[in-house]
Amino acid sequence: MRAVVSPKITSITLFLMFLLSFTLVNIVKLGGSAAYLVPPVIWLTMFIVSYSNTKPGIFPYRSLILPIISIACFSIFLRNMLGFITGFGLSPYVTSLRAAVFNMYFFTSRVLGFEYARTFMIQKMFKTKENIVNLLEIALLFTILDINFMHFFYINSELELIKYLSSELLPVFSLNIFLTYLVFWGGALSSITFIAISKGYYYFAPIIPDIPWTLESILGVLIPFIGIVILSNTKLFSTYVVRKNERIGFKGMIQILTPLMILLITTGILGLRPLIVGSGSMQPSLNVGDMVIITKASINDVAEGDIIAYVSKQGIVVHRVYKIVKHENKYLVITKGDANKEPDNIPVDERLIIGKVVATIPKVGLLQLYMREIFLKIQEALSQTLVLTSLYTPSKLGTIISSGA
């Protein structure tokens, strides 16, 4: 028999648990035993308050179990087949009996907490039919709770940005879209089944495929969307959609394509890349907080007076081309900030040029810079508090599961 918790209390409790979970992932890094004991308490609280306010999905769970298991097993099979090409390695998680039991508790509490909280939110926001905007909103919320979202504000180089988006943000967001889709149609048990198989295998298998992050990123994005395509084309879904006259339509396609276009632009796949100016070295042409749009350019496309972006030891620098010289069959670019009296000391190798500035949007990046400073100060203050209260204690439990489901 379910313990009854009112929906209002559930909503308030989940909001507080989400806030606390976000804080622990992004701002405060618990150390020692606290890192292993506090998060499961949060997740179990989410499960307890959500469970009594959830119901089965639109379709019976037994009608979805076979395709869900098939998609999860396909994911494992594909990665293991790639493992025969890229190699295998030992699991990063401790395999002793004590650690395995604790990993099971850690993993189970997180899956139950997140998936029943997801179910409560979906059934509260979705009334009679699928809504793409709400689906993306819930998927984004759980993505933010899954990853270190504040890492975005500390990125200093193009490679770091590409790696963060492709190996952290996009695969987790793609997975959460799929899990939200599963929960809408089949309830919490549907997403729990998929996670238990697809993620549980890698958490508890002693040997796992050693796949490069670039290839793993592609798999992480594609497999969830392949799952959506497979499920939405089954006879069960087709019959329901026709009966209810539900179609995505033009508006729905725009809602899907808009965030996709934003992601393509930010990753530079379309040849354009936005960057935020973080210093005053280019004033008055560029001010702190301005966003510049960079287009890919080779040395042949660059002339004296152009503003270019290039990679240096300090990260990505945006300065004006002062002079181009040829040295030993290659070109070197001497740059200068408009606010600086002298050119930069180190010439830029042509291979380090990212592109040149083609547009400027004033001040739109100030929010990112302010948030970065605020979170740095909050993180420093909370870390000092934790040190004073002796929460950073050594642990003997070893490495356990600490990433999202």
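The legends below describe close-up views of a predicted model.

**View 1. Overview of the protein chain in the predicted model, with its helices and strands.** The protein chain has 405 residues, of which 42% are buried, and its secondary structure consists of 12 helices and nine strands. Among contacts between residues at least 6 apart in sequence, 74% join residues that are at least 24 apart.

**View 2. The largest nonpolar core, with its 50 residues.** Within this core, the members that touch the most other members are Phe 18, Met 46, Phe 142 and Phe 194. At least two residues of the core are supplied by each of helix 1 (7–26), helix 2 (34–51), helix 3 (61–86), helix 4 (97–125), helix 5 (132–146), helix 6 (158–186), helix 7 (188–198) and helix 9 (213–232). Another core, of 11 residues, lies apart from this one, and its members include Leu 275, Ile 307, Val 318 and Ile 354.

View 3. Helix 7 is largely enclosed by the rest of the structure, because eight of its 11 residues are buried. The buried residues of this helix are Ala 188, Ser 190, Ser 191, Ile 192, Thr 193, Phe 194, Ile 195 and Ser 198. When neighbours within four places in sequence are left aside, Phe 194 is in contact with Ile 68, Ile 71, Ala 72, Leu 175, Phe 178, Leu 179, Leu 182 and Lys 199.

**View 4. The packing of helix 2 against helix 4.** Two packed helices are described by the angle between their axes and the distance between the axes. For helix 2 and helix 4 the angle is about 35°, and the axes are 7 Å apart; the crossing of these two helices is left-handed. Helix 2 contributes Ala 35, Tyr 36, Leu 37, Pro 39, Pro 40, Trp 43, Leu 44, Met 46, Phe 47, Ser 50 and Tyr 51 to the contact, while helix 4 contributes Phe 102, Tyr 105, Phe 106, Ser 109, Arg 110, Leu 112, Gly 113, Phe 114, Tyr 116, Ala 117 and Phe 120. Sorted by class, the residues of this contact comprise 18 nonpolar, three polar and one charged.

View 5. Ser 11 and Ser 50 are separated by 39 residues in sequence, and their C-alpha atoms are 8.6 Å apart in space.

**View 6. The salt bridge between Glu 115 and Arg 118 in helix 4.** Side chains of opposite charge can pair when their charged atoms come close. The side chains of Glu 115 and Arg 118 meet in a salt bridge, with an N to O distance of 2.9 Å, and both residues are buried. Because they are three residues apart in helix 4, Glu 115 and Arg 118 are separated by about one helical turn.

**View 7. The salt bridge between Asp 306 and Lys 356.** The side chains of Asp 306 and Lys 356 meet at an N to O distance of 3.9 Å. This pair links distant parts of the chain, 50 residues apart, with Asp 306 in the loop between strand 4 (291–296) and strand 5 (307–312) and Lys 356 in strand 9 (residues 353–361). Asp 306 is partly exposed, with a relative accessible area of 21%, and Lys 356 is partly exposed as well, with a relative accessible area of 23%.

**View 8. The salt-bridge network of Lys 330, Asp 349 and Arg 351.** Salt bridges link these three residues, Lys 330, Asp 349 and Arg 351, in a network. In the bridge between Arg 351 and Asp 349, the closest N and O atoms are 3.0 Å apart. Arg 351 counts as exposed at 68% relative accessibility, whereas Asp 349, at 12% relative accessibility, counts as buried. In total, the model contains six salt bridges.

Methods: Residues numbered from 1 in each chain as written. Predicted model: local features only at pLDDT ≥ 70, side-chain atom pairs only at ≥ 80, totals over all residues. Heavy atoms only, no water. Core = buried A, V, L, I, M, F, W, Y, C linked by side-chain atoms within 4.5 Å. Buried < 20%, exposed > 50% of the residue type's maximum accessible area, 1.4 Å probe, protein only. Helix = DSSP H or I, 4+ residues; strand = E, 2+ residues; numbered from the N terminus. Contact = heavy atoms within 4.5 Å. Salt bridge = Lys/Arg side-chain N within 4 Å of Asp/Glu carboxyl O. Axes fitted to C-alpha atoms, helices over the stretch in contact; angles between N-to-C directions. Left-handed = near helix turned anticlockwise from the far one by under 90°. Nonpolar A, V, L, I, M, F, W, Y, C, P; charged D, E, K, R; others polar.
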